[in-house]
Amino acid sequence: MRLAELCVDGADVVWSEGRPAEGGRTQLVRRAPDGTTVELLPEDRNCRTAVHEYGGAGWWVRDGVTWFADWADQRLYRLAPGGEPEPITPEPATPRADRYADGDVAPDGATIVCVRERHTGSASTDVQNEIVRLAAHAPSEPEVLVSGPDFVAAPRLSPDGGTLAWLQWNHPSMPWDATQLVVRDLTTGEETVVAGGPGESVLEPRWEADGSLLFLSDRTDWWNVYRFTPGADIESVVRINAEIGVPSWVFGTSRYAVLGEGQVVFARSRAGYDALVVRGLDGSLTELDLPFSAIRTVRAAGPGTVAVVAGSPTSEPGVYTVDVVTSEYETLRAPRDLGIDPAFLSVPEPITFPSVDASGARRQAHALFYPPTHPERRGPQGELPPMLVEIHGGPTSAASTVLSLDVQYWTSRGFAVVDVDYGGSTGYGRAYREELLGEWGVIDVADCLAAAAYLAAAGRVDGARMCIRGGSAGGYTTLAALAREDTPFAAGADLYGVADLEALAADTHKFESRYLDRLVGPYPEAREVYVDRSPIHHVDLLSSPLIVLQGAEDAIVPPSQSEKIVDALRSRRVPVAYLLFEGEQHGFRRSENIRRALDAELSFYGQVLGFELPAEEGIEPVVVENL
């Protein structure tokens with residue numbers, strides 16, 4: 001079960017649930033104040049948008065009515081209480097050519113503004129991203145309001161409906177690099193660039209009742225809260241040496257909420273751990289006493305109350321309301337009852353360790369370390385545990401302290417895990433995030449090697465039995481760390497990772513089509529760098545056994561990337577295992593595939609490291625060629 005987004009509609013709270021047991025579809029659940037819940041979508045509907053391929057904010061609610069994008073055709077549907085979904089956007093000439101996300105209902109309820117992504121040709125980059133306006137309650141032809149920028153997001157209407165605010169950015173920037181916050185008077189057409197531009201990332205515009213506009217900006221290194229009032233200077237609302245914003249891989253992030261005049265409630269990240277903080281009317285900051293370490297969404301839910309999606313190292317995300325005065329909270333949607341004794345759960349320890357940059361100069365890097373944990377079993381006397389070095393995707397992302405069954409799968413079976421926040425990760429300010437610019441495949445690899453060396457030298461893990469694993473961008477770092485003569489890793493797992501940077505630059509979707517310009521260099525001008533840093537061109541150095549797991553319908557990192565590295569290892573007689581999962585995209589959503597991927601990887605490590613699998617688990621062995 002995946003809980004991520006929520007909205008507040010009057011006294012009700014509505015949230016989305018990703019359900020692996022139902023083929024990975026997303027359902028919407030509405031909860032009334034008396035505790036009753038109702039599932040909103042029919043069983044044949046999957047609320048998920050494909051805008052930017054990563055999606056997010058594929059639904060919104062107002063006065064009991066739900067609007068949502070359906071995964072099957074990507075059209076926008078209206079669902080009235082007790083009714084059936086009805087399409088309100090035209091059927092495109094080509095199936096799934098028009099996609100919708102990130103909507104806002106006008107104050108009078110008559111219209112909607114949202115992002116439309118229109119695919120105009122056969123190439124994955126033949127795409128127009130625009131903000132459109134359409135009727136909220138009947139089919140209509142969308143009216144284009146904003147067109148021209150390469151990307152747009154977060155269209156938000158002022159309380160009187162007369163002004164539109166939105167975010168925009170252009171290639172080669174990503175939304176965490178350089179975005180602009182723009183407002184337009186819908187009567188006169190006059191536009192004002194409020195904030196942003198080169199060197200500044202602006203996120204999450206949010207109107208206040210008096211017509212002023214709050215937003216997040218990293219102009220002082222950290223994503224903090226600011227206010228724009230027409231005719232006045234930008235005002236700092238929350239200034240703190242911690243991250244409030246998160247990178248906009250998906251639409252609809254909400255890390256703060258406005259409660260009354262001047263009172264802001266926000267989630268802040270520091271050393272991998274989140275906390276909920278209240279900015280009082282006098283500007284004071286009060287950190288609430290809550291058991292949460294990871295907070296995904298914060299929404300205003302009435303006087304002195306916010307609704308959050310939050311979790312902890314020992315609990316998956318749940319939906320809660322929090323009293324910001326007393327710190328008392330009510331559970332609206334409890335985390336799954338996993339039936340796991342907390343004694344089996346490994347709690348992450350933030351660590352900072354020495355590493356180097358591309359020139360060899362010393363610097364610091366960060367990670368979360370999970371020791372192996374099992375109340376009834378211990379490793380052989382006198383032996384240190386094997387370790388998995390975990391590499392998050394993105395690469396502009398971060399390790400999370402919320403309970404991960406993936407991590408606990410390993411720690412409960414005798415592995416230590418270190419989840420590395422290498423240079424380029426978020427949560428440590430813009431300067432740390434920019435350490436990866438021009439250095440992807442260098443800084444990230446250096447930090448993974450440094451984390452492994454640090455923990456082995458500290459006597460916490462067995463330096464001879466260290467493995468490395470990662471998905472997507474983390475898969476690239478995994479391959480790059482293995483394809484070198486001095487690799488310390490005995491084996492690796494590549495989940496839908498990048499083997500050929502040049503192929504990725506030539507064959508990916510619009511959102512990321514210029515991402516590598518900043519991480520590696522402009523292509524084709526920097527082609528030599530692309531070739532030099534691509535693991536596929538260094539397979540002669542890759543001798544450690546490797547397992548590769550891939551979704552057959554992945555549009556972000558196509559199966560051809562995985563097949564290239566697998567074919568190369570087969571030809572060199574390097575031990576390799578390959579599993580292709582039909583019906584999966586970028587990341588696995590179906591419960592049977594999630595479980596099979598983990599079991600196959602454990603079987604792989606058992607074969608290459610020389611340990612037996614627990615007979616009681618009935619794990620089907622994976623075939624490792626050339627072993």
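User: Leaving aside its neighbours within four places in sequence, which residues is Gly438 in contact with?
Analyst: Gly438 touches Arg518, Leu519, Val520 and Arg533, where contact means heavy atoms within 4.5 Å. This is a predicted model, where local features need pLDDT of at least 70, side-chain atom pairs count only at pLDDT 80 or more, and totals for chains, interfaces and linings use all residues. Residues are numbered from 1 along each chain as its sequence is written, and side-chain values use heavy atoms, with hydrogens and water left out.

User: Where is Gly438 found?
Analyst: In the loop between helix H2 (430-433) and helix H3 (443-457). Helices (H or I, at least four residues) and strands (E, at least two) are DSSP runs, numbered from the N terminus.

User: How far apart are the C-alpha atoms of Gly438 and Val529?
Analyst: They are separated by 9.7 Å, with the two residues 91 apart along the chain.

User: What about Ser534, buried or exposed?
Analyst: Ser534 counts as buried because its relative accessibility is 1%. Ser534 is in the loop between helix H7 (527-533) and E35. Apart from neighbours within four places in sequence, Ser534 is in contact with Ala499, Asp500, Leu501 and Glu502.

User: Let's zoom out. How many helices and strands are there?
Analyst: The protein has nine helices and 36 strands. The C-alpha trace spans about 70 × 55 × 50 Å along its principal axes, and buried residues make up 58% of the 627 residues.

User: Now helix H8. What span should it have?
Analyst: The 13 residues of H8 (559-571) should span 18 Å at 1.5 Å a residue, and the end C-alpha atoms are 18 Å apart, which agrees. The expected span is 1.5 Å times one less than the number of residues.

User: Which residues of H8 are buried, and what covers them?
Analyst: Pro559, Gln561, Ser562, Ile565, Val566, Ala568 and Leu569 are buried. Their cover includes helix H4 (473-482), strand E34 (491-495), helix H5 (501-506), strand E35 (546-551) and strand E36 (576-581).

User: What comes just after H8?
Analyst: Arg573, with a positive phi of about 65°. Arg573 lies in the loop between H8 and E36 and counts as exposed, at 60% relative accessibility. Most residues other than glycine have a negative phi, and most peptide bonds are trans.

User: What's the phi of Ala154, then, and where is that residue?
Analyst: Ala154 has a positive phi of about 55° although it is not a glycine. Its place is in strand E13 (residues 151-157), and Ala154 is buried, with a relative accessible area of 7%.

Notes
Buried < 20%, exposed > 50% of the residue type's maximum accessible area, 1.4 Å probe, protein only.
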